[in-house]
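Hi,

Here is the structure I promised to pass on. Have a look, and then read my notes below.

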Amino acid sequence: MTWREAARLSDVAFTELSLQAIYAFRQGNLVPTETAQRLVAKARRRVVQSKAVVSFVLGLLAFGVAFGLRESRFHSFAFGGVSVPAGIFQAALLTGLLSLDVAFLWWTGMQVLPTFLASGVLPVLEPLPIDERTLTRAAGLLYLRLFDLPAVTVIVTTPLLVGFALGPWAGLAVLPGAVAAVGFALALSLVTGRFFVRRVQGSRGGGGRTVVRWTYLVLWLVPAFAMFGFVTAAPAFFAFLGRLSAQGPSLTGHLLLAAFPFSFAALPAVTASGPVGFSLDPVGWSFLVVASAGYLLLAAWSVVWVLASVRRVSLVPPAAARPTSAARLDLAPQPVMLAVLTKDLRIASRTPGFAFLILLPILDAVVIGLWTFETATGSAVAAGLGLAAVTTAALLATFFGPAFFAIEVLAYSYGRTLPLSNRSLLGGKVLLIALMYLVASGLVLGITLARVFDPVVFVLFIAAELPAVVAAALLELGILFRRARARGLPITNLYAGAWYAVFVSVPGLVVAGLPLLAFELARSAGSYVGLLAMGAVALGALALAAPFALGREGS
Amino acid sequence: MAGGLPLSIDELTVSYGERVAVDRLSLTVRPGEIYGLLGSNGAGKTSTIKTVVGLVRPAGGRVRVFGLDAVTDAFRVKTQVGYVPETSLLYDALTPREFLEFVASVRHLDRAVASERTRNYVTAFRLEAEFEEPILTLSNGTRQKVLLIAALLHQPPLLVLDEPLNSLDPRSVRIMKDLLVRYVAGGERGILFSTHTMEVAEQLCHRVGILDRGVLRGEGTLAALRERMTAGDATLEEIFLRLTQEGEGVRAAVDSLGAPG
């Protein structure tokens with residue numbers, strides 16, 4: 001057997017993987033009444049669309065950095081009163097870009113890995129009379145295909161855009177860094193993804209373990225906040241590098257040259273702007289060359305390791321511990337809407353893709369809340385940031401919350417046989433969206449309480465927006481239910497198209513945004529007048545949305 | 001419980017596009033009865049069952065559960081039915097406890113009642129060790145046990161079981177068979193039981209219906225079917241093959257395969 005045979009096998013497996021990723025048949029979804037050919041074509045097209053979105057973001061990052069690099073040829077920069085040489089500034093920007101490339105690819109890999117491992121596409125090949133080497137190669141190639149377009153984007157656009165900004169030799173010099181970034185991201189995704197899948201998906205029931213799972217899931221999102229980390233830390237990083245370069249060669253400078261990805265970032269910067277500011281004495285040069293070569297070898301080894309390990313990793317079941325008898329066998333039934341909410345939270349606690357939809361709005365709001373620490377206590381800016389954090393929570397909960405409805409795809413063919421009314425289902429989902437908003441707002445309140453401003457206004461702001469969040473959720477879910485009934489089953493496949501984004505999210509965002517607009521317009525007459533206007537608009541929105549969603553026609 | 005027969009299917013037609021899966025099927029499940037729906041793969045058993053539980057909309061005919069229409073009164077029908085699907089596709093990310101808790105909540109079960117029944121079934125099926133494990137990690141047989149418990153939890157007046165004994169170990173099969181016989185012994189409840197294992201149907205079912213390519217070829221007790229086919233002491237398997245006219249086909253298929261090896 002050959003690489004060609006492995007590629008053919010991986011192509012078949014990739015088709016199956018795409019089908020499962022989009023339609024979730026193995027997780028209990030109903031089969032749509034379309035031909036297999038159409039389903040396969042749709043699934044493959046939507047997977048390509050997803051990869052294109054990730055690639056677009058990566059390309060955009062590279063473009064932004066290239067713009068900064070080009071500017072650095074004509075302007076000098078100073079941070080915190082410290083002048084930063086052009087080469088150092090360029091190396092810092094490229095360090096950020098390569099770090100973000102790793103983080104973004106890594107995070108993408110962690111998002112797709114649970115589906116990849118749960119799909120069972122590789123174990124199906126095991127009993128077939130295919131030699132070990134071909135199976136291993138097919139598994140490796142299948143894994144690479146999850147990243148192909150984004151990885152190629154990083155490897156191609158980074159040298160091209162850096163070359164455009166700093167000249168062709170600089171573009172060539174950044175190529176090893178781009179290749180290493182991709183190699184490390186592939187390995188990190190496999191190692192950490194597998195770890196999280198074992199710890200999260202295979203975790204037993206019980207309250208304490210649920211907390212541990214959610215903690216892991218928060219860590220899962222850390223790479224997604226790399227951009228925030230970079231933007232926040234950038235000025236301090238630039239100033240640090242400026243001070244370091246003014247000192248001349250030093251041990252810290254040498255160690256920096258040996259650190260990933262600064263070593264790779266330094267190569268094109270030195271090529272374009274010369275060694276000014278770098279600790280490039282003979283020791284520095286040896287640090288830079290040895291480290292770069294070492295990282296490149298390590299990245300190559302990572303790719304080889306990934307290719308050799310994917311098959312083994314995919315065959316290990318998620319259960320980590322030996323089962324032990326349950327301490328108690330009783331059940332605690334809940335009111336139906338609450339039961340829907342509890343079920344969803346429990347599923348999300350073992351399903352990173354769904355947990356992401358809940359955690360992202362909350363963490364985003366918290367991050368904006370944390371920015372208030374950069375401002376003077378009690379200042380108008382701090383107060384504005386606090387309210388902006390709550391606004392973010394409201395809008396993101398409204399945007400991501402309804403997408404969480406896709407969780408109904410799981411075991412749909414069983415769930416539909418239960419006497420669960422649309423109204424109860426809708427109520428459970430609205431509760432979830434309201435909970436996301438309240439948890440995010442509560443955390444922001446906690447962060448800002450000690451140091452920002454009048455907490456009464458803050459609490460009233462949260463309360464006044466709540467009816468609008470509920471109204472937006474009702475409107476969005478009401479549209480989904482009506483659309484589902486008009487198109488027939490399965491309803492959750494509605495999410496895969498652009499239709500969802502335009503016709504569900506936009507009206508929701510408008511409804512959630514109107515009270516915020518009312519507050520902005522009326523606050524010039526005083527905070528409490530603004531809050532009154534906000535609450536009135538929010539309650540009005542709720543009065544209109546509730547009959548639409550909960551009326552006989554809607555549910 | 002509403003009045004009427006546990007299940008009444010009248011001139012049911014199910015089609016998927018051009019393909020007719022069930023063709024004007026009529027049958028009833030009487031109080032106190034286990035009705036076995038027999039058929040080859042693709043005969044229309046699962047399509048019939050899916051119309052009863054609301055997963056498939058019939059192209060024609062009516063399905064009534066205790067007099068309630070399965071299409072126009074689907075919600076109330078669902079409260080009367082306990083269902084075990086053919087494939088055990090469940091909420092993989094939940095544990096059996098979490099899953100059963102959700103089912104008990106949707107069915108408005110009292111905490112004490114739900115707990116007592118759960119304890120009894122879990123102990124009977126020896127599920128204690130897997131009760132807190134994610135369903136994702138469970139074997140097919142264990143998943144099937146979880147589904148059976150979920151179907152029985154609210155003690156529904158109609159059980160609809162699609163190949164319910166698949167993947168179960170012999171001990172659990174025996175428990176289930178005895179349990180089902182007792183379940184209808186009161187004379188009010190009914191069970192629609194789909195299988196293509198003739199021995200199970202012969203042991204368990206009061207009446208059977210033999211479905212072939214969507215058409216009901218024969219129906220009745222084993223004795224009545226023997227009499228109709230003038231088949232003496234023929235087994236249900238022999239009657240099935242004669243009614244579906246598969247007997248000759250089986251011999252030809254075996255002959256064409258020749259001797260293994």
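First, a term: a residue is buried if 20 or more other C-beta atoms lie within 10 Å of its own, exposed if 12 or fewer, and partly exposed in between, with C-beta atoms placed from the backbone. This is a predicted model, so local features need pLDDT of at least 70 and side-chain atom pairs pLDDT 80 or more, while totals for chains, interfaces and linings use all residues. Residues are numbered from 1 along each chain as its sequence is written, and chains are lettered from A and ligands numbered from 1 in the order in which they are written.

Helices are DSSP runs (H or I, at least four residues), numbered from the N terminus. In helix 12 of chain A, the buried residues include Val336(A), Leu341(A), Lys343(A) and Ile347(A). Its buried residues pack against helix 13 (352-370) and helix 16 (422-449) of chain A, plus helix 3 (96-106) of chain B.

Now for a helix pair. Helix 6 (residues 168-201) and helix 10 (residues 262-273) of chain A pack at about 180°, with axes 8 Å apart; axes are lines fitted to C-alpha atoms over the stretch in contact, and angles run from 0 to 180 degrees between N-to-C directions. So the two helices of chain A are roughly antiparallel (over 145 degrees).

Finally, the domain assignment, automatic or from a database, gives chain A domain 1 (48-113 + 142-315) and domain 2 (336-550). Their centres, taken over C-alpha atoms, are 34 Å apart. In chain A, 15 residues of domain 1 are in contact with 10 of domain 2 (C-beta atoms, placed from the backbone, within 7 Å).

Cheers

Terms used. Two residues are in contact if their C-beta atoms, placed from the backbone, lie within 7 Å. Angles under 35 degrees count as roughly parallel, over 145 as roughly antiparallel, 65 to 115 as roughly perpendicular and the rest as oblique.
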